[in-house]
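Subject: Structure handover

Hi,

Here is the structure I promised you. Please open it first, then read my notes below.

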Amino acid sequence: MALPLKKIRVGEVKSAIQFALNSKKAPGYDLINGKIIKELSLKGLQAITQIYNAILRLEYFPSHWKIGQIIMIAKPGKNPNDITSDRPISLLPTLSKILEKLILKRLLPIIEDCKIIPSHQFGFRRKHETTEQVHRLVHTIHKAMECKQYCSAVFLDISQAFDKVWHTGLLYKLKRTLPHAAYTLLKSYLSDRMFQVRYQEEYTPLHTIHSGVPQGSILGPILYSIYTADLPVSEQTTTATYADDTAILASHRNRILASRNLQTHLAQLEKWFINWRTKANEGKSTHVTFTLNKEAHCPAVTLSEKQISQGNAVKYLGIHMDRRMTWRPHILAKRNQLGLKLQHLYWLLGRKSELTTENKLLLYKTVLNPIWTYGIQLWGTASNSNIEILQRLQNKVLRVIVNAPWYISNNVLHKDLKTPTIREEITHLCANYHDKLVTHPNELTPTLLDEAEEPRRLKRFQPSDLSTRFS
């Protein structure tokens, strides 16, 4: 027995509409968009609040708010005649998403107090970012290299993770972990959901959804986190999950034992996948051996009796990690990405553009700068020669923006345009990042601060060194 969910007040509904509702988002099948809702009077807000409280009291989610309208967005560069070339986008009724936001606000304290979500899950959690999760992996790999160990790591690709969630299994876990009132409401929320596909002015009949968390919903991500909360972990390995992106690392001086520990954990995961009707895509998963030994590789591992392909580098949460952790593949990938983006924007940033210098710099800061600064707290440990690859590109962009002649030095450009260099960005951003780790709510992140005090065998920079590296 448990108390019902907290009553919703008019002020909460008003705040959710004014500050959290995007007026530009497309409406659901009922055609009620955010702009219409924002124009409601006080009486309209009171009526919506009464409906929301009735839903909480009756623990029943309206069937008309459980209809998703699917529109197909063509993927660029794909065959238009192939059905897999379209990306389905689900549009849900706006009023239902506002209610979901208010329900989530009541569920999060319960989930945090009961510690339902494991510490290794960083996805869809407040104050948890991708950089911090990758930092955990980098810390484990650096520690293995310092101890002359092999780090055998597998990066798993879960097939249609959100679309294949087993409803019966999810309801079982919700009933086991949440109060009865929340469970009953979520059971009504998940059951008898429908969808239809819209193409131009044509509509398909309604079809029942039998699995998966609702795409485009507010509650979908947290429901998936609860569903995967009991993912097996092992004392012999390091587990890192960000939504459905899963990484398993095992370190040992003996490369055979490192892969054996990893294989034992994968066997446990395989049983979990079978029990909870989840499937990993072995073809898209990657096995990497992180070591300073140029020729050594850990023995291959298998999942569902299929060998996972081995590689010398892997992309995890947008950050490229090579087996020797030099960060060169990541920097080169960002260099190529920036080059392509610069080509597309050259008509705005180039010498013939009529934009003012201030607007060109604004474009640089909002479009180009975030591409290479992502993960700088980690790849900033790269060698000076690798960092110089991005520095040369940054100098080129600034020269293009102001059409600088050859005799103007790069230092003068950075000073006059008040644009920090790559090294200055590393120092500034990493100092803020270190302060953030000190007060981070996750119990696993404080161990990342210990790397500054650990004994060093290798003459390599660690993320904790970057705030003072170039000072």
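In which sense do β4 and strand β5 (residues 202-203) pair? They pair in the antiparallel sense, over 2 bridges. Strands here are DSSP runs of E, at least two residues long, and helices are runs of H or I, at least four long, both numbered from the N terminus. Two strands count as paired if DSSP finds at least two bridges between them.

This is a predicted model: local features need pLDDT of at least 70, side-chain atom pairs count only at pLDDT 80 or more, and totals for chains, interfaces and linings use all residues. Residues are numbered from 1 along each chain as its sequence is written, and side-chain values use heavy atoms, without hydrogens or water.

**Strands**
- Arg198 has Tyr203 in β5 as its bridge partner.
- β4 and β5 make a hairpin with 2 residues between them. Gln200, in the turn, has a positive phi of about 55°.
- β4 also pairs with strand β6 (residues 207-208), antiparallel, over 2 bridges. Met194 stands opposite Thr208 there.
- Strand β1 (residues 67-74) runs parallel to β4 (residues 194-199), joined by 5 bridges. Gln69 stands opposite Gln196.

**Core**
A nonpolar core is a set of buried (under 20% relative accessible area, 1.4 Å probe, protein chains only) Ala, Val, Leu, Ile, Met, Phe, Trp, Tyr and Cys residues joined through side-chain atoms within 4.5 Å. The largest has 59 residues. Helix α4 (residues 94-113) gives the largest share, 8 residues. Leu219 is among those with the most contacts inside this core. A second, separate core has 51 residues, including Met145 and Leu317.

Best wishes

Note on methods:
Buried < 20%, exposed > 50% of the residue type's maximum accessible area, 1.4 Å probe, protein only.
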